[in-house]
Amino acid sequence: MSAAKLHITTSVSPIGVYSPYDGALLGSVDATDVSAIDELVAGAKRGAEISRKLPRHKRASILEGAARIIESRREAFAETIVREAGKTIVQARKEVLRCVNTLKLSAEEAKRNAGEIVPFDAYVGSEQRQGWFSREPLGIITAITPYNDPLNLVAHKLGPAIAGGNSVLLKPSNLTPFSAIKLVEALREAGLPQEVITVAHGDRELVTAMISAREVRMVSFTGGFATGEAISRAAGLKKLAMELGGNAPVIVMNDCDFDKAVEACVSGAFWAAGQNCIGAQRILIQAALYDRFRDAFVAATNKLKAGDPRQEETDVGPMISQEVAERTEAAVNEAITAAARLLCGHRREGSLYHPTVLEGTPLTCRLWHEEVFAPVVMLAPFDTLDEAIEMANDPDYSLHAGIFTNNLNVALEAANRIEAGGVMINDSSDYRFDAMPFGGFKYGSMGREGVRFAYEDMTQPKVICINRR
């Protein structure tokens with residue numbers, strides 16, 4: 001695959017892209033030299049002027065058209081995700097459909113979220129004034145996207161940005177660039193002027209240049225905490241929207257719908273090989289139910305088939321690389337050394353790491369406090385809801401949480417007290433609908449994704465006031 005027409009390149013060596021499953025070379029993208037940053041920004045400035053002048057119906061038409069194109073080629077898009085990200089084909093198809101929905105939601109936002117009337121006459125002395133505010137584009141947005149959802153997470157940045165009339169400097173993950181390139185190609189085929197999106201591929205030095213450029217008005221980033229901190233230091237005076245990961249707890253009460261709780265928690269823990277920022281990492285089970293739940297959960301986990309992501313029957317594909325799988329293996333070994341008990345899994349074959357379940361993990365262990373981002377889940381018992389909520393809130397950051405119970409009062413109390421950006425009741429923590437606000441609480445959380453909320457972050461109010469005197 002080649003992306004030469006989609007971005008600016010110099011003589012920097014191409015970046016190879018490899019299959020996470022078998023290491024096969026899939027192709028390469030031309031790296032962008034940091035010396036080209038002025039050219040990148042100049043092109044994005046032209047793109048911002050073009051995008052700003054597009055009527056709202058045209059922005060919506062482009063986004064709807066791209067959604068139709070992707071839906072009509074959904075199998076090809078899914079196969080690209082499988083090849084470069086290692087998702088199973090079943091999971092990849094679902095991501096493609098989510099991308100289609102994200103673009104459709106963005107098209108709707110372009111048409112309906114244009115501003116509102118300001119009630120000036122609600123204030124004494126302003127009876128003769130009337131007016132409104134509109135939502136205007138920020139200008140250039142730098143978007144940096146991760147490898148785990150290489151299509152839909154790109155759509156979550158491009159869709160709202162285009163709907164709001166901005167241009168985008170896009171830096172997809174070097175590990176999974178082809179899905180992003182295919183999405184940009186679909187948008188251009190649907191009528192988006194080429195200058196509106198500029199795709200760049202490169203290393204940390206290039207990213208620093210892309211976020212620190214004075215002309216860039218916003219940085220939208222999804223990724224790790226260390227990178228997020230570096231971005232915040234380098235960005236300067238501009239808006240930041242960051243989704244920096246989580247460590248999701250799920251609480252299982254004695255009165256839950258048992259079979260549904262087990263099924264949802266297994267899926268929530270191991271979907272996309274656990275490379276999911278809202279995946280269930282810590283499952284907290286009320287003591288009277290603990291043994292039964294543990295045994296059923298382990299039995300269901302052992303039935304999952306790990307292997308070739310191209311096969312329809314595969315449930316768990318590889319991690320993004322052998323290096324990442326090795327780090328996961330080492331972290332689990334560390335937990336076991338610290339007295340955690342292995343219930344199943346903890347087998348690695350190259351980049352394939354089999355679904356792993358632990359119990360008795362010390363609360364001081366790194367696995368308990370940090371995001372594991374792997375097919376690893378920890379089970380722990382609790383006696384009271386207060387104890388469960390205290391355990392759930394223990395880490396310094398949190399995106400989503402879940403609770404299974406048939407007691408509405410318990411569910412709502414937990415929802416009010418758990419420190420997370422979203423609490424899923426009778427769903428695993430990994431439930432997400434692309435229209436909902438999505439983001440975290442506590443350390444490092446900035447802004448919200450979800451189409452409407454990202455659109456509002458990527459636009460700014462402009463007030464028009466008429467004095468009739």
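Helix α11 is the element that gives the most to the lining of the largest pocket, namely six residues. This is a predicted model, in which local features need pLDDT of at least 70 and side-chain atom pairs count only at pLDDT 80 or more, while totals for chains, interfaces and linings use all residues. Residues are numbered from 1 along each chain as its sequence is written, and side-chain values use heavy atoms, with hydrogens and water left out.

Now the terms. A pocket is found on a 1 Å grid over the protein atoms alone, as an open set of points where a 1.4 Å probe fits, with protein on both sides within 12 Å along at least five of seven lines; a lining residue has an atom within 4 Å of a point. Points are joined across faces, edges and corners, and the volume is the space filled by probe spheres set on them. Helices (H or I, at least four residues) and strands (E, at least two) are DSSP runs, numbered from the N terminus.

The largest pocket holds about 1,400 Å³ of space. It has 44 lining residues, and Tyr147, Gly223, Gly224, Thr227 and Arg327 are the closest to its centre. Two or more lining residues come from each of α7 (204-212), β8 (216-222), α8 (225-234), α11 (322-337) and α12 (366-369).

The second largest pocket has a volume of about 540 Å³. Of its 26 lining residues, Lys94, Arg98, Trp271, Asp430 and Arg432 lie nearest the centre. Elements giving two or more residues here are α4 (89-112), α5 (152-163) and α9 (258-270), and α4 gives the most, with four.

Next, the cysteines. How many disulfides are there? With a disulfide taken as a pair of cysteine sulfur atoms within 2.5 Å, the count is zero. Cys256 is in none, and the nearest cysteine sulfur, in Cys265, is 8.4 Å away. That distance is too far for a bond.

Five strands form an open sheet in the order β7-β6-β5-β8-β9, with parallel pairing, where two strands pair if DSSP finds at least two bridges between them. The edges are β7 (197-199) and β9 (239-243); each has a single partner strand, so one side of each has no neighbour in the sheet. Inside the sheet, β5 (residues 140-144) and β6 (residues 167-171) pair over five bridges, and Ala143 has Leu170 in β6 as its bridge partner.
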